[in-house]
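Reader: I am new to this structure. Can you walk me through it, one feature at a time?

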Amino acid sequence: MALHVGLSGGIGSGKSTVSKLLVERGAVLVDSDVIAREVVAPGTQGLALVRERFGDGVVGDDGALDRPALAATVFGDDAARADLNAIVHPLVAQEAIRQVQAAPDDAIVVQDIPLLVELGREVDYQLTVIVAADPDVRLERLVRTRGMSEADARARMDAQATDEQRRAAADVWLENGSTQADLADHVERLWTQRLVPFEHNLRTRTAVRRPATAALAEPDPGWAPTARRLLGRLDRALQRASLRDRVHGLEHIGSTAVPGLAAKDVIDLQLTLDDLTLATTDAFESAVLTAGFVQPRERLDTVHAWAPDESEWRKVLYGNADPGRVVHLHVRRAGSPGAEVAVAFRDWLRAEPQAREAYAALKQQAVADHPGGDERTRADYTAAKEPWFAEHLPQALEWSRQRDRDR
């Protein structure tokens, strides 16, 4: 399948320039701004609907949409802007879908969407790229290159999403605050190191694996928003495949889900199903592929004495195809011991500072004892933690169950 990339950025950020650079490298561009102009061209249903709602004053003598007049009509009027969006957005979406479906299976499809963040569309793509520049730089560009007054430019910038909102939506934050040459270098690296291998991995169903070296990263505030984006993509993909009612939970688990805890730079997610056999069906595999996950493998979690039935510890493990981020998707049966342990241990460590500190010290010692870079070392690192985990698991489970009883 094609790789689907959402591209956005604030007004004046240089998003259109990035689009052109990606097209030069082979991307298939679906440009919402271009489509938005086409769906209200003379003679179209879109223009007729706009004229009916806003009057003859928004259509020029040549029969084309008078964009300045329309902008003056809707700017600052939330109801009018909502009415305009209700006319234009469905038409743009319909045409965008047609163009996406026409792209080759091995394409890198870039959808340029100005309001991607405002519309919550970051979960619709396997990767979201945000083009960014300092507000003062964007303001200067709008005044210099588009002839806007400073007040008009500021008003348009203020009407859009904040940089904080854009960062939360971004898988790639592409800085465009200096020279065109620097921007071209950034885009070249994005293309060769992220997009091309991502598309290859999707097409060949190749999962990205973490290095065998047992190395811990300092707590990263980006782990949580990354997990939220990935969970949102999975949720949207399963909804579209009409499988969401089979899902009981979608959660960020593992060490990167515990604030303040050093961890391997791997995002672990858990998806629980009413029936684990669904996890290896063509329908399920196809759905999670659209969220960037590939290569399902059946695995057996460590079996503990309090739940000795080995069959209850089965899971299906998916990996992500994005070379920029290692992600493991653990698919388990809802209510199974493995599913319960993953959530209980995470929440216990979040709530108990002493347990969190003890576990952090254990992890550091395990890394020191097993620093090598091969598969055996990775297994040794995991095995070194198991006695402590098994010792404290009953406490974590009791804490979790008591919390649930108290709710």
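Author: Start with burial. This is a predicted model. The chain has 407 residues, and 47% of them count as buried.

Reader: How many helices and strands are there in the chain?

Author: The chain has 14 helices and 10 strands. Its C-alpha atoms fill a box of roughly 80 × 45 × 45 Å along the principal axes.

Reader: What share of the contacts joins residues 24 or more positions apart?

Author: Take the contacts with a separation of 6 or more. Residues 24 or more positions apart account for 72% of them.

Reader: Now the pockets. Which residues lie nearest the centre of the second largest pocket?

Author: Asp 268, Lys 315, His 330, Thr 382 and Lys 385 do. In total, 45 residues line this pocket. Strands 8, 9 and 10 and helices 12, 13 and 14 each give two or more residues to the lining. Helix 14 gives the most, with 9 residues. By class, the lining has 19 nonpolar, 11 polar and 15 charged residues. The space in the second largest pocket is about 1400 Å³.

Reader: How do I read a salt bridge?

Author: Look for a side-chain nitrogen of Lys or Arg within 4 Å of a carboxyl oxygen of Asp or Glu. The whole structure has 31 salt bridges. In one of them, Glu 199 meets Arg 203 at 2.7 Å, N to O. Both residues lie in helix 9, 4 residues apart, about one turn of the helix.

Reader: Is Glu 199 buried or exposed?

Author: Glu 199 counts as buried, at 5% relative accessibility. The cut-off for buried is under 20%. Arg 203 is partly exposed, at 41%.

Reader: Which residues are linked in a network of salt bridges?

Author: Glu 251, Arg 346, Asp 347, Arg 350, Arg 403 and Asp 404. Within it, Arg 350 and Asp 347 meet at 3.7 Å, N to O. Both lie in helix 12, 3 residues apart. Asp 347 is buried, at 10% relative accessibility. Arg 350 is partly exposed, at 39%.

Methods:
Residues are numbered from 1 along each chain as its sequence is written. This is a predicted model: local features need pLDDT of at least 70, side-chain atom pairs count only at pLDDT 80 or more; totals for chains, interfaces and linings use all residues. Side-chain values use heavy atoms; hydrogens and water are left out. On a 1 Å grid over the protein atoms alone, a cavity is a set of points where a 1.4 Å probe fits but cannot get out, and a pocket is an open set with protein on both sides within 12 Å along at least five of seven lines; lining residues have an atom within 4 Å of a point. Grid points are joined across faces, edges and corners, and a volume is the space filled by probe spheres set on the points. Ala, Val, Leu, Ile, Met, Phe, Trp, Tyr, Cys and Pro count as nonpolar, Asp, Glu, Lys and Arg as charged, and the others, Gly among them, as polar. Buried means under 20% relative accessible area, exposed over 50%, partly exposed in between (1.4 Å probe, protein chains only). Contact means heavy atoms within 4.5 Å.
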